[in-house]
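My notes follow in the order I looked things up.

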Amino acid sequence: MTPGAEVRDWLFYGGSSALDFVNTLRDRATTPRETLPDAESLAGWFSTAGIEGWANTTSQPPTPAEHQAALTLRDAIDAVLAPGRTPTREHVLLVNEHAHHAPLRELRLDEPTTVVVAGSGTAAGSGTAAALGALAQTAIEVIAAGELPWVKICAHTRCGLRYLDRSRGRRRQWCSMERCGNRAKAARHARRGPAAGP
């Protein structure tokens, strides 16, 4: 894949590959911006993110249909994990369907915050199905580990990135202190004006 704007725009602040995948749709808080516009960029993201099941040297590139399936799964993962969203039965079924390509857990349809053991799965080896299966399993593992209450949305008004807050006291506000934390600090300083001093 030729390096481009998409690569520069991929951020890995989520604390989970499932949330990093969700965050490939950027600027959700304002005007959502797609960083996986085609199958080639999806393959590049799998490789850059080091997604289990994706062997860049042997895997076939995703087809256009697989690319669309990945974007649909991304929305389902967001619905299952993000605060403020309520997953539908279809979201849960989709996450579970993809998760069967990687063993071992799935979400209960009637209670999507509950994880049950689903068996050994139908391992897909390597390729797009395996990569999406690994991402679905990672989303389920967030719930299985009891971390769902720790999933937060960056407080910056222009951001919208999702992340796991593993900070002491769970008081983290920003996707990254270096990114949105510094933006907020600069905005506060600008509001105070030069007369206010440091």
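**Entry 1: valine 95.** I am working with a predicted model. I started at valine 95 and skipped its neighbours within four places in sequence. Which residues is valine 95 in contact with? I found Leu73, Ala76, Ile77, Val80, Leu107, Ala136 and Ile140.

**Entry 2: the largest core.** Next I looked up the largest nonpolar core, which has 35 residues. Valine 95 is among the members that touch the most others. Phe21, Trp45, Phe46, Ile77, Leu81 and Leu135 are listed with it. Which helices each supply at least two residues of this core? I noted H2 (17-22), H3 (39-49), H4 (64-81), H5 (89-99) and H6 (128-144). H6 gives the largest share, nine residues. I also found a second, separate core of eight residues. Cys154, Cys159, Tyr163 and Cys175 are included in that second core. I kept a general point beside this: in soluble globular proteins, nonpolar side chains tend to be buried together.

**Entry 3: asparagine 96.** I moved one entry on, to asparagine 96 in helix H5. Is asparagine 96 buried or exposed? Its relative accessible area is 5%, under the 20% cut-off, so asparagine 96 counts as buried. I again left out neighbours within four places in sequence. Asparagine 96 is then in contact with Glu106, Leu107 and Ile140. Leu107 and Ile140 are also on the contact list of valine 95.

**Entry 4: helix H4.** I checked the length of H4 next. H4 has 18 residues and reaches 26 Å from its first C-alpha to its last. That is close to the 26 Å expected at 1.5 Å a residue. The buried residues of H4 are His67, Ala70, Leu71, Leu73, Arg74, Ala76, Ile77, Asp78, Ala79, Val80 and Leu81. I noted that Arg74 and Asp78 are in that list.

**Entry 5: alanine 79.** I picked alanine 79, which has its place in helix H4. Alanine 79 is buried, at a relative accessible area of 0%. Beyond its neighbours within four places in sequence, alanine 79 is in contact with Arg85, Thr86, Pro87 and His91.

**Entry 6: helix H6.** I went back to H6, which supplies nine core residues. H6 has 17 residues and reaches 24 Å from its first C-alpha to its last. The expected value at 1.5 Å a residue is 24 Å, and the span is close to it. Why can I call H6 largely enclosed by the rest of the structure? Because 13 of its 17 residues are buried. After H6 comes glycine 146, with a positive phi near 75°.

**Entry 7: helix H3.** I listed the buried residues of H3: Ala39, Ser41, Leu42, Ala43, Gly44, Trp45 and Phe46. These buried residues pack against H2, H4 and H6. Just after H3, glycine 50 takes a positive phi of about 65°.

**Entry 8: aromatic rings.** I searched the whole structure and got four aromatic pairs. One pair I looked up is phenylalanine 12 with tryptophan 45. Their ring centres are 6.2 Å apart and their planes are at 15°, so the pair is stacked. Phenylalanine 12 is in the loop between H1 (5-9) and H2, while tryptophan 45 is in H3. The two are 33 residues apart, so I wrote the pair down as a link between distant parts of the chain.Phenylalanine 12 is partly exposed, with a relative accessible area of 36%. Tryptophan 45 is buried, at 0% relative accessibility. Ring pairs link Phe12, Phe21, Trp45, Phe46 and Trp54 into a cluster.

**Entry 9: a charge over a ring.** I then turned to tryptophan 150. Arginine 170 lies over the face of tryptophan 150, at 3.4 Å from the ring centre.

**Entry 10: the whole protein.** Last, I noted the overall counts. The protein has seven helices and six strands. Along the sequence I read the pattern α-α-β-β-α-α-α-β-β-α-β-β-α. The protein has 198 residues, and 43% of them count as buried.

Conventions: Residues numbered from 1 in each chain as written. Predicted model: local features only at pLDDT ≥ 70, side-chain atom pairs only at ≥ 80, totals over all residues. Heavy atoms only, no water. Core = buried A, V, L, I, M, F, W, Y, C linked by side-chain atoms within 4.5 Å. Buried < 20%, exposed > 50% of the residue type's maximum accessible area, 1.4 Å probe, protein only. Helix = DSSP H or I, 4+ residues; strand = E, 2+ residues; numbered from the N terminus. Contact = heavy atoms within 4.5 Å. Phe/Tyr/Trp six-rings, centres within 6.5 Å; stacked < 30°, edge-to-face > 60°. Lys NZ or Arg CZ within 6 Å of the ring centre and 35° of its normal. Expected span 1.5 Å × (residues − 1).
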